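My entries follow in the order I looked things up.

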Amino acid sequence: MKIDRIDVNAYQAKHRKPYSNGKYTYATTDIVICRVFTDDGYEGIGWAHGTDIVVDTMLSLRDRIMGEDPFNVERIWDKMYLPKVYGRKGFETRAISALDVGMWDIMGKVAGRPIRQLLGGYHETIPAYIAGGYYEEGKTLEDLQDEVRENVAKGAKAIKMKIGLVSIKEDLERIDAVRDAVGPDCLILVDANNVYNRLDALKMGRELDKRDIYWFEEPLSPDDIEGCAELVRKIDTPIAIGENEYTRWGFKQLVDAHAAQVLNADALVLGGVTEWKKVADYAMASHILIAPHGDQEIHAHLVSAVPNGLIAEYYDTNLNSLLSAMFKTHIVLDEKGHIAAPSGPGVGVDIDFESLKQFQTYPEK
Ligand SMILES: [Mg+2]
């Protein structure tokens, strides 16, 4: 079996209204999809978030792996990881991630098994939290409460909200309003998206300790590993980091520094499924739990594959026109607030290229 063609397509959709977390504002969703074809008729799909830099990197990497057997993921990964040429972390690892997911999709299709089982098949279903609680212009406390109540009505037993764009006092009012809306039993996770300095992170952390918060995500800069380790020692609320970390070597530093109790390792960012499994196994050896950031279609497989898979992030794809168009079927929460990985072979999702056409940015229509 040989890879004999790889197509790359990019898509962009504007959000109905821009929304913000503590540090960033998002006006669009941007996705690059690769289709890996083999000489014996298999097709694997992979994707990553990003725009033209990811497209260009993917186009360049595909020439290096043409003719390879997609089962040889370690060799393929090594051929794609060229620190001196593309850099060690960031858009390069996103492009690698998408192509690597394509290989795992093919392996699953050949085996007739979902990626969840190729990696170990530990859990049948896994808990999920609904991500949201963003800032939006004109969004009131009541709007925020309505949003989280709707999520609970959809079956959520855990929800995440953003903090850090406004003062700590205002954010505590938002958190308390959310607790009032969801009741005592729903888990609340908060995410600061790297916005705090060490003083404010500690101050916020001590307030969170009084409020039974499930985890405090990205309190500090992704580069402040020591600062996170200090927070782990000083506050009771667990620290979750890792959506801005890459490769086995990056995560080794987080684990070795005891910088978090939970790692948000994202297979579409850090280097694909091949690399994610290494990260999960290294974390497991130190009794650290894994709860990936974003993209439930791939991460439902990965969280449920490994013993230290804790919980998956869940985005309501119906609220995002690009993600809604992209997948022919959507993962839904069950009555326990759990999700199951798609049971079909490989990634187990069908991409709706017809309905994506309206959003296509590369190749130009
Ligand atoms: Mg986050």
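**Entry 1: a cis bond.** I found Pro-363 in the segment after strand 13 (360–362). Helices (H or I, at least four residues) and strands (E, at least two) are DSSP runs, numbered from the N terminus. The peptide bond between Tyr-362 and Pro-363 is cis, with omega about -15°. I noted it because most peptide bonds are trans, and most residues other than glycine have a negative phi.

**Ground rules.** I am reading a predicted model, where local features need pLDDT of at least 70, side-chain atom pairs count only at pLDDT 80 or more, and totals for chains, interfaces and linings use all residues. Residues are numbered from 1 along each chain as its sequence is written, and side-chain values use heavy atoms, with hydrogens and water left out.

**Entry 2: positive phi.** I looked up Asn-193 next. Its phi is near 45°, a positive value in a residue other than glycine. Asn-193 sits in the loop between strand 6 (187–191) and helix 8 (198–209). Is Asn-193 buried or exposed? Asn-193 is buried, at a relative accessible area of 3%. For these words I use under 20% relative accessible area for buried, over 50% for exposed and partly exposed in between (1.4 Å probe, protein chains only).

His-287 also has a positive phi, near 60°, and is not a glycine. I placed His-287 in the loop between helix 12 and strand 10 (289–290). His-287 is exposed, with a relative accessible area of 74%.

**Entry 3: the magnesium ion.** Which residues coordinate the magnesium ion? I read Asp-191 (OD), Glu-217 (OE) and Glu-243 (OE), at 2.0 to 2.2 Å. Donors are N, O and S atoms within 2.8 Å of the metal (3.2 Å for Na, K and Ca); water is not among the atoms, so sites may look incomplete. Along the chain the donors follow the spacing D-x25-E-x25-E. Glu-217 lies in strand 7 (residues 215–217), and Glu-243 in the loop between strand 8 (239–241) and helix 10 (247–256), so this pair, 26 residues apart, links distant parts of the chain. Glu-217 counts as buried at 1%, and Glu-243 counts as buried at 11%.

**Entry 4: a helix pair.** I compared helix 2 (residues 73–80) with helix 12 (residues 272–285). Their axes come within 9 Å and cross at roughly 100°. Axes are lines fitted to C-alpha atoms, for helices over the stretch in contact, and angles run from 0 to 180 degrees between N-to-C directions. Helix 2 and helix 12 are therefore roughly perpendicular, a label that covers 65 to 115 degrees. Val-73, Glu-74 and Trp-77 of helix 2 meet Thr-274, Glu-275 and Lys-278 of helix 12. Contact here means heavy atoms within 4.5 Å.

**Entry 5: Leu-263.** I found Leu-263 in strand 9 (residues 262–263). Leu-263 counts as buried, at 1% relative accessibility. Leaving aside neighbours within four places in sequence, its contacts include Ile-241, Phe-251, Leu-254 and Ala-283. I also took the C-alpha separation to Leu-119, 144 residues apart from Leu-263 along the chain, and read 18 Å.

**Entry 6: domains.** I noted domain 1 (3–112 + 353–362) and domain 2 (116–339). These bounds come from an automatic or database domain assignment. The C-alpha centres of domain 1 and domain 2 lie 23 Å apart. Their contact takes 41 residues from domain 1 and 41 residues from domain 2.

Conventions
Angles under 35 degrees count as roughly parallel, over 145 as roughly antiparallel, 65 to 115 as roughly perpendicular and the rest as oblique.
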